[in-house]
Amino acid sequence: MIVTYPFSAVVGLSDLKLALVLNAVSPRVGGVLVRGEKGTAKSTIVRALAAQLPPVDVVTGCRFSCDPAAPDPGCPDGPHGAGGARTRPAALVELPVGASEDRLVGSLDLERALTEGVKAFEPGLLAAAHRGVLYVDEVNLLHDHLVDLLLDAAALGTCYVERETVSVRHAARFLLVGTMNPEEGELRPQLLDRFGLTVEVKASRDPDERAEVVRRRLAHDAGPAAFAARWAAEEEALAARIARARGDVAKVRLPDAQLRRIATVCAGFEVDGLRADLVTATTAIAHAAWHGRDTVTTADVRAAARLSLPHRRRRDPFDAPGLDENLLEELLSQGDDDPGDPPDGGGLPPGDGDTDGRPDGQGTADTDDRPDGQGAADTEGGPDGRGADGTGGRRDGRGADGTEAGRDGPQDDGQGQSPGDGGQAVRVAGVAAPYQVPVLTVPGLGEGAAGRRSRARTPRGRTTGATVPDGRVRTVHLTATLLAAAPHQRERGRTGPGLLLRADDLRVVVREGREGNLVLFVVDASGSMAARKRMTAVKTAVLSLLLDAYQRRDKIGLVTFRGAGAELALPPTSSVEVGAARLRSLPTGGRTPLAAGLLRAAEVLRVERLRDPARRPLLVVVTDGRATAGGDVDRAAAPLAGTAGVVVDCESGPVRLGLAGRLAARLRARAVPLDSLADLGSMVRDHRKAV
């Protein structure tokens, strides 16, 4: 038997523990999105929480886990009579990244439905997760339409499966937990907003805490059962406290003064819509129940806002979630005084207030609102990345301008220069505000991942025809099916109304939509580009195209060349945040190894074709065309000839050699002057005519 790592034994991660517990107390909070680097126990703590949830009673034989005390009247396995019931642990269901829509919501056998009149439904993972936990690792890598379905079910508590004229619905209420690594790409703002709470997790930089993590992990691996036994008392107390808070949450009162305080905070942070207000109120009520209070206090509102607002404050795709703690305190202080504010930890059941009772004696005097008993000292400067003032700059380690300080190349010395390339001057130019650009497309019809850039055959989009199915029938083209069956009705012995259908009559819909592409930027960062004004324009143009790639659901990559060779500054990724940070800190200076840059780009595209052959590339070369090092440009350009692309001509001055135009001709790409990049409309139209 697999022994789950105890929830109480996880070191640090106090914000994440609190967010998970509050969702366990009140699933109406709306789930948790966990953002963080790899190796921070995200999966471990989610699995540990599921083991602490109260067991559930289910109707015997029901595939949808109906509660025998109040069965779902619309259950596909119903109606349920006075049959038997059984008790089982709360389910933990994991949704893999490669799951299909049928695997998520369930599948209808349309062939049997149309030819035999049988409504055969196979439940999906949403049915399995009902009244339990649905865990989605790498939720940012799921297709957008799957995330939409997932969040719709979580919000409505119901799963709907529609296939032409056949539909099925069933209850789907679960605690939703999604994890993601921001370096692999962001969720759309609309999807971010649908998660109730968000937590940023980072590994602790405290050597003692890191050592304790390793010590406990080794002890668990050496003897899982013995390790779990050491923490059994804490686990039982946690489970009992969750069950008690669940029972009390409906009794908690939200005073009008606190409701106005919640509205003041949400309005002060300028969040969009009203979902933030609703989630903050629900979370504050759950927090009060967790602490054994029957009335929401300012402390509950503070804790709720810190978890519900950070991901709703993004105003730019390159912004990382965060919360200004000073502004939060200022907004909380507005309005009426709260005379009923107890100290943190007040109203807790006996044994929950002064120490966490750990076997290793690591208790603290102030438990605050942490489910594991860790006090404020564990969080300030701890695993969640906050500093002593509660802000720590930005939680993702970036400075105030959104760049990654000290990580992505030489820093400006205050005069726009830093040493590099054997003593040659290396500059780091600034970046202006990005502007909107019309879309560049790859010609032809692709079959890549769903996106918003180039034409492609996709599961969703406008109907362009019908075809014979080559597997499971999911979307029937009704007109084509009837036309295929109509000529055979007499020989099939039809005598009454309605057509007699057979399996070989069925036709499925062919749809055309949009796909995401791999946009590979090849940027000249040599000395000939180092004029401050020109490099600022180049960076701003590329940043604008990065913003467009984010909106089009593309993968991006960045190759730079200067000095002695070319560098893959950003391997292909879905994270435009990382791309923007690398671009902002990109230094310029040295010679111009143009051929090396083209060869590196060709190698990147070759590897990506092996990894993802369906994703078509779009090459964007930004250069003045000068080559002062690195080999034969004609030979280097040959492997890239025919790849859909654009050459942005950065040459300036009264005398122009037209080298970038010649490079575009070698690549069979379109050349466009840098000065006109802000108005790409004519270039896009000409590009489409050329292909």
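This is a predicted model: local features need pLDDT of at least 70, side-chain atom pairs count only at pLDDT 80 or more; totals for chains, interfaces and linings use all residues.
Residues are numbered from 1 along each chain as its sequence is written, and side-chain values use heavy atoms, with hydrogens and water left out.

Begin by selecting the six strands of the open, mixed sheet, ordered E18-E17-E16-E19-E20-E21; strands (E, at least two residues) and helices (H or I, at least four) are DSSP runs numbered from the N terminus, and two strands pair if DSSP finds at least two bridges between them. At the edges, pairing on one side only, are E18 (565–573) and E21 (670–673).

Next, colour E16 (residues 518–524) and E17 (residues 555–562), which run parallel and are joined by seven bridges; within this pair, Leu518 stands opposite Lys555.

Axes here are lines fitted to C-alpha atoms, for helices over the stretch in contact, with angles from 0 to 180 degrees between N-to-C directions, and contact means heavy atoms within 4.5 Å. Helix H18 (residues 594–611) lies across E16, E17, E18 and E19 (617–623), at about 30 degrees to E18.

Finally, select Val633 in helix H19 (residues 633–637), which counts as buried because its relative accessibility is 11%, under the 20% limit (1.4 Å probe, protein chains only). Beyond its neighbours within four places in sequence, Val633 contacts residues including Leu594, Leu598 and Leu663.

Notes:
Buried means under 20% relative accessible area, exposed over 50%, partly exposed in between (1.4 Å probe, protein chains only).
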